[in-house]
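Subject: Structure for your review

Dear colleague,

Please find below the structure that I am handing over to you. My notes on what was found in it follow directly after.

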Amino acid sequence: MIYHSVAELIGHTPLLALDLPTPNHSQILAKLEFLNPGGSIKDRLGQMLIEGGIAAGKIVPGQTTIIEPTAGNTGIGIALAAQRYQLPVKLVVPEKFSQEKQTLMRALGAEVINTPTAGGMTAATKRAKELAATIPHAYVPNQFANPLNPAAYQRTLGPEILADLGPQPLTAFVAGAGTGGTFAGTAQALQAAEPAVHTVAVEPAGSILNGGPAHPHRTEGIGVEAIPPFFDQVRIDDTKTISDEAAFAAVKRAARELGLLIGSSSGAALVASLEVAAELPAKSTIVTIFPDGSDRYLSEGIYD
Ligand code: PMP
């Protein structure tokens, strides 16, 4: 088969049955989102924000400048989707996030503006809004509040998982939460098809979903400073809080035992999925998401 644009390569990632001993002989199936062309689950969101913005008349090619605060993967997804319409893109990224992701954003043609690490995503969001006020025809998609964020996953990832499973019943869905868009949108689609599916959100220790306390963490891409607004639209049965140590140990285990080069949010999802397997009845089917790969974290010593 011949494809005619990178946009056609987004989504339809494989659902891999992990060849690991699991509690209760359950099966853990991981959606390999690092196989998207920009290397992460956020290619789906970038495409939805740009194409949805154009459809709604908020983005006009030849006129609009896109400005977005991002930890990285959404920025790469936006830069990739914006290229198609030759839209200028400015991404506001806190300094601490991986240099590889910032290099990839620039390679795709985006301008990267750094904010101090100490201010976190809150300071990056503020800077993006300030910048937008100084540029005519600027548009800030704002992934943290834009309903297109969960919609991207409700319309693509959720239905793909159901199609991948075919007649096999789904017991549980386990996924990390940053903006919460992936979890909320996918869980909504899965709950509509299988109302009894057990949904589990995953956060790193240092995030506040299970009551905190808030502190910095090394696991990148997940963790929240406030409850995501998208969580209002979905039932959450449990939240697992995973330590950085456990997430990074799982990253190394996945490489050595499964040949999977996953990032730390995927490591946290794997640890949480094994915990969920121990709690569910025998022979459950657990679907989880591996949002990105390890190659964008090598300079941070992901395997050290
Ligand atoms: N993992 C990684 C590596 C990410 O970049 C993101 C996006 N922040 C997530 C997980 C979580 O996705 P969401 O923002 O949809 O909750």
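Which residues form one aromatic cluster? The cluster consists of Phe173, Phe183 and Phe231.

Before the details, two remarks on the basis of these notes. The model is predicted, and local features need pLDDT of at least 70, side-chain atom pairs count only at pLDDT 80 or more, while totals for chains, interfaces and linings use all residues. Residues are numbered from 1 along each chain as its sequence is written, and side-chain values use heavy atoms, with hydrogens and water left out.

Aromatic residues

Searching the whole structure gives two aromatic pairs (rings of Phe, Tyr and Trp, the last by its six-membered ring, with centres within 6.5 Å; planes under 30 degrees apart are stacked, over 60 edge-to-face, the rest tilted). Phe173 and Phe183 make a stacked pair, because their ring centres are 6.0 Å apart and their planes are at 25°. Phe173 belongs to strand 7 (residues 172-176) and Phe183 to helix 6, 10 residues apart, and the pair thus links distant parts of the chain. Helices (H or I, at least four residues) and strands (E, at least two) are DSSP runs, numbered from the N terminus. Phe183 also pairs with Phe231: the centres are 5.7 Å apart and the planes at 65°, so this pair is edge-to-face. Since Phe231 is in the loop between strand 8 (198-204) and strand 9 (238-242), the pair ties together parts 48 residues apart in sequence. Phe183 and Phe231 are both buried (under 20% relative accessible area; exposed is over 50%, partly exposed in between; 1.4 Å probe, protein chains only). Phe173 is likewise buried, at 0% relative accessibility.

Helix 1

Helix 1 (residues 42-55) has 14 residues and spans 19 Å from first C-alpha to last, close to the expected 20 Å (1.5 Å times one less than its number of residues). Because 11 of its 14 residues are buried, helix 1 is largely enclosed by the rest of the structure. Its cover includes strand 2 (27-32), strand 3 (65-69), helix 2 (73-83), helix 5 (148-165) and helix 6 (181-193). Just after helix 1, Gly57 has a positive phi of about 80°.

Glu33

Glu33 lies in the loop between strand 2 and helix 1. With a relative accessible area of 0%, Glu33 is buried. Beyond its neighbours within four places in sequence, the residues in contact with Glu33 include Arg44, Leu157 and Phe290 (contact: heavy atoms within 4.5 Å).

Yours sincerely,
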